[in-house]
Amino acid sequence: MRHRLPRLFPIALCAALIGCELFMAGVPPADAVSTSGFSGSVEAMVRQINAVRRKEHLRLLQLDARLCAIARSHALDMLERNFIGHTNPDGLDPFARMARAHYHFGYAGENLAVDETLDEVARDLFASPEHRENLLEPHFARVGIGTVTSSNGEIVVEDFSD
């Protein structure tokens, strides 16, 4: 039996980006996004998060298609450019990526994790105090989850906003 520590990367900041007129290719405007068609694994992760939020008497997170697109784009970027981090090699952090996609927020945060399966990722995120804090942040009302499979396991990006 082998044991390996999961790689977890939390970031939670309250940020308001005003006047950013950047564009992210491939992320549609808000009125062009359908909320149907999420993968079962993403929906299952949101159900797990909301079950804990319900017990803590917090509002439930709504799965946001635009945040999912932003999160998935970052997961793919990490896979393609072989890095793990909130800030990509071009210097864009989660808040800059959201602004570039014309996604407006007052509060935002991001969790990153890599582990062998999505179930292990979900368990790891709740076991980490910093990640759990993001998952249970009362200001957050929306979540976008992006996942990709790599040779190291599942890469998961969770983007949160108010």
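Author: Two strands pair if DSSP finds at least two bridges between them. Helices (H or I, at least four residues) and strands (E, at least two) are DSSP runs, numbered from the N terminus. In S4, Leu-63 has Val-143 as its bridge partner. This is a predicted model, in which local features need pLDDT of at least 70 and side-chain atom pairs count only at pLDDT 80 or more, while totals for chains, interfaces and linings use all residues. Residues are numbered from 1 along each chain as its sequence is written, and side-chain values use heavy atoms, with hydrogens and water left out.

The protein has five helices and five strands, and along the sequence they follow the pattern β-α-β-α-α-β-α-α-β-β.

The part to look at is helix H1, residues 40-55. Val-46 lies in this helix. Val-46 counts as buried because its relative accessibility is 8%; buried means under 20% relative accessible area, exposed over 50%, and partly exposed in between (1.4 Å probe, protein chains only). Leaving out residues up to four places away in sequence, Val-46 touches Leu-61, Leu-63, Val-143 and Ile-145, where contact means heavy atoms within 4.5 Å.

Two of these names, Leu-63 and Val-143, are the bridge partners given above. Strand S2 (residues 62-63) and S4 pair in the parallel sense over two bridges. Strand S4 covers residues 142-150, and seven of its nine residues are buried. S4 is also joined to strand S5 (residues 153-161) by nine bridges, and these two run antiparallel. There, Gly-146 stands opposite Val-157 in S5. The hairpin from S4 to S5 passes through two residues.

H1 also meets helix H4 (residues 118-127): the two axes come within 11 Å and cross at roughly 25°. Therefore H1 is roughly parallel to H4. Axes are lines fitted to C-alpha atoms, for helices over the stretch in contact, and angles run from 0 to 180 degrees between N-to-C directions; those under 35 degrees count as roughly parallel, over 145 as roughly antiparallel, 65 to 115 as roughly perpendicular and the rest as oblique.

On the H1 side of this contact are Ser-41, Met-45, Gln-48, Ile-49 and Val-52, and they meet Leu-118, Val-121, Ala-122 and Phe-126 in H4. Between Val-46 and Ala-122 the C-alpha to C-alpha distance is 9.8 Å, although they are 76 residues apart in sequence.
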